Amino acid sequence: MKANINQLASFSLISVQWHKYNKTYLDNFIPLFCTMFIDQKISKIEIKDYGTLVSQFNAIYSIDLPSYIIQPIIEKLCQQELISQELISYKVNTDKIFDNHLYIADIQRQCREKQNDVIKAFRVYTQERFNKIFTDTDAIRLLSKFIMRHDISLFFDESIVWSEDILADEEYYLAGSFIKELNDNNSTMYQTIVELAVGNIAFNALQMTFLPTEVETLKKCVVFLDASHLFPFTWCRSK
């Protein structure tokens, strides 16, 4: 799995925005784009030419934002008058970004500091406990892999199940062991791990919300639903 130096920090940043705005998944990403516009001195966006914008976003935040997400984001930016349409482009309204407190470089910096603290703790833990030495990039890759697979369990504070796939993969086991250690002995840093899981959940939810689909009407079909599978998703339980 590919992981770049700011991936965990970006999950943390998305989590902060989710808790702050508590609106739609799309709203979580508006401040990230606004901050990128300011920092990268982007004053104009060519209409229907979003490839460069996606590439810049993915390079800065180290997460792979799908291209189909850009159009809804552009529409949201227009609705909030953060960008305005001209003949063949959109103009970035810098003053509006600052007036609405959507430039979040300070929060971004704090999230990166949190990430660095987690990475440093992981490297110390694996070296002292298992005599294993990892680079920062490898540490981010391992922790990202584990968090992305167990984000729901971490969010609901469920115990890590030491399944065969974890035990069979040494690096995967080290990441899980470190997170369990935090849960047992460092509640503050463990909460940071939970924030990273929340950020990953929000990112995945955004992708699923706007996932392109082919819709076709079902005709002359009889659908059977198995209650044993359906009820758990509606929080119903038989007694």
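Student: Which side chain meets Asp138 in a salt bridge, and what is the N to O distance?

Tutor: Side chains of opposite charge can pair when their charged atoms come close. A salt bridge here is a side-chain nitrogen of Lys or Arg within 4 Å of a carboxyl oxygen of Asp or Glu. Asp138 meets Arg141 this way, at 3.5 Å, N to O. One caution: this is a predicted model, where local features need pLDDT of at least 70, side-chain atom pairs count only at pLDDT 80 or more, and totals for chains, interfaces and linings use all residues. Residues are numbered from 1 along each chain as its sequence is written, and side-chain values use heavy atoms, with hydrogens and water left out.

Student: Where do Arg141 and Asp138 sit relative to each other?

Tutor: Helices are DSSP runs (H or I, at least four residues), numbered from the N terminus. Both residues are in helix H7 (residues 136–149), 3 residues apart, so about one helical turn separates them.

Student: Which helix does Glu171, the other partner of Arg141, lie in?

Tutor: Glu171 and Arg141 also form a salt bridge, again N to O at 3.5 Å. Glu171 lies in helix H10 and Arg141 in H7, so the pair ties together parts 30 residues apart in sequence. Shared partners join Asp138, Arg141 and Glu171 into one network.

Student: Is Arg141 buried or partly exposed?

Tutor: Buried means under 20% relative accessible area, exposed over 50%, partly exposed in between (1.4 Å probe, protein chains only). Arg141 is partly exposed at 24%, as is Asp138 at 28%.

Student: How many salt bridges does the rule give?

Tutor: The count comes to 10.

Methods. Helices (H or I, at least four residues) and strands (E, at least two) are DSSP runs, numbered from the N terminus.
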